Amino acid sequence: MTNNKRTVSYMIPYILWLGLFVVLPVLLLVFQSFQNLQHHATLANYTEFFSSGTYLRMTFNSVFYSLLVTAVTLIISYPMAYFLSRLKNSQFWLLLVILPTWVNLLLKAYAFIGLFSHDGTVNQFFEFIGIGPQQILFTDASFMFVAAYIQIPFMILPIYNSLVELDPSLTNAARDLGATPWQTLTKVIFPLTMGGVKAGIQAVFIPTLSLFMLTRLIGGNRVITLGTAIEEHFMVTQNWGMGSTIGVVLIVAMVVTMFITRDRKRKGGRH
C-alpha cells in the first residue's frame, strides 16, 4: 500500500500538468466551437465548415501539402538516416543535422526570405550565370522547399534511432542467404524500421497540417491552409467560435493520423 501511495503521489504533478495544459485547453476549444459571435450555443460553425466550399478547399490544401511535405522529407530522410547510421562518428553528424531545430522558426523564415527575394542571394547567383532573376519567393515551390527543410530533422531522428537499434545479425543473415544489397534494404531493413518511419510521419505530417507562418511569409498566402484560417479568425475577424471549430477539426485529423500510423503489435508482443 505504501508503494502504491508513493506511486500515486509521484503521478500527481504529471496528472495536473496534463489536465491544465492539455485536457482543459482542448475542452475549452470544443466548448468555444459551439458558440457564435454573441456567445450563444449553436451548431452553425460546424454546419458552415462542412457546407462551405472555401473551408473544404482549405482542408484539401492542408492535407495535400502535408502529404507532399511528408513524402518529400521521407524520400530525403531515409537514405540520409541510413548513411548517418553507418558513419564512424554518427552522433556528431546527427547533431549537425538537428542543429537547425535550435533556431527559431521565424528567424529561419526571414533567412529564406533574404535568400529567395528578388534581390536575394539565389537570384544574384542566377544573374551571375546568365539566367536572370526569377520569381522564387511567394510560390508553391518555395513554400514546399522551406517546409521540407524545416521538417527534415524531425523525420531523420526517429528513422536513425530505428536503424541504430536494428540487430546487425539480421542483415548479415540476409547477405549470407544470397540477398542483394537492394533486397536486404527493401525486404529486411525497411520493414524492420517501419516503426521509425511511422514516428517520423507523425512528427512531420501533424505539425505541417497547422502551419500558418510559412504560408504567409514564404508562400505569400498563395497556399491557404486551415492554420491560416485559424489565425485569421482569432487575430483578424475575432470569430473565435469558427476558429475553434477549425481547431477541433485539426485535432480530429491529428488523432486519425496517429491512429493510422500507430505501431500495431501482433500477438505475443512481437512487432
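Modeller: Start with Asn239, in the loop between helix 12 (226-235) and helix 13 (240-260). Helices are DSSP runs of H or I, at least four residues long, numbered from the N terminus. This is a predicted model: local features need pLDDT of at least 70, side-chain atom pairs count only at pLDDT 80 or more, and totals for chains, interfaces and linings use all residues. Residues are numbered from 1 along each chain as its sequence is written, and side-chain values use heavy atoms, without hydrogens or water.

Is Asn239 buried or exposed? Asn239 is buried, at 17% relative accessible area. Buried means under 20%, exposed over 50%, partly exposed in between (1.4 Å probe, protein chains only). A polar atom of the Asn239 side chain lies 3.3 Å from the backbone nitrogen of Met242. Beyond residues up to four places away in sequence, Asn239 touches Leu37 and His233; contact means heavy atoms within 4.5 Å.

Now the packing elsewhere. The largest nonpolar core has 32 residues. Such a core is a set of buried Ala, Val, Leu, Ile, Met, Phe, Trp, Tyr and Cys residues joined through side-chain atoms within 4.5 Å. Val146, Ile156, Ile159 and Leu214 have the most contacts inside this core. Helix 7 gives the largest share, eleven residues. Leaving aside neighbours within four places in sequence, Ile156 is in contact with residues including Ser77, Met80 and Leu94. A second, separate core has 14 residues, among them Phe49, Tyr55, Ile246 and Leu250.

Terms used
Helices (H or I, at least four residues) and strands (E, at least two) are DSSP runs, numbered from the N terminus. A polar contact is a pair of N or O atoms within 3.5 Å; within protein, one must be able to donate a hydrogen and the other to accept it, and residues adjacent in sequence count only if both atoms are side-chain atoms.
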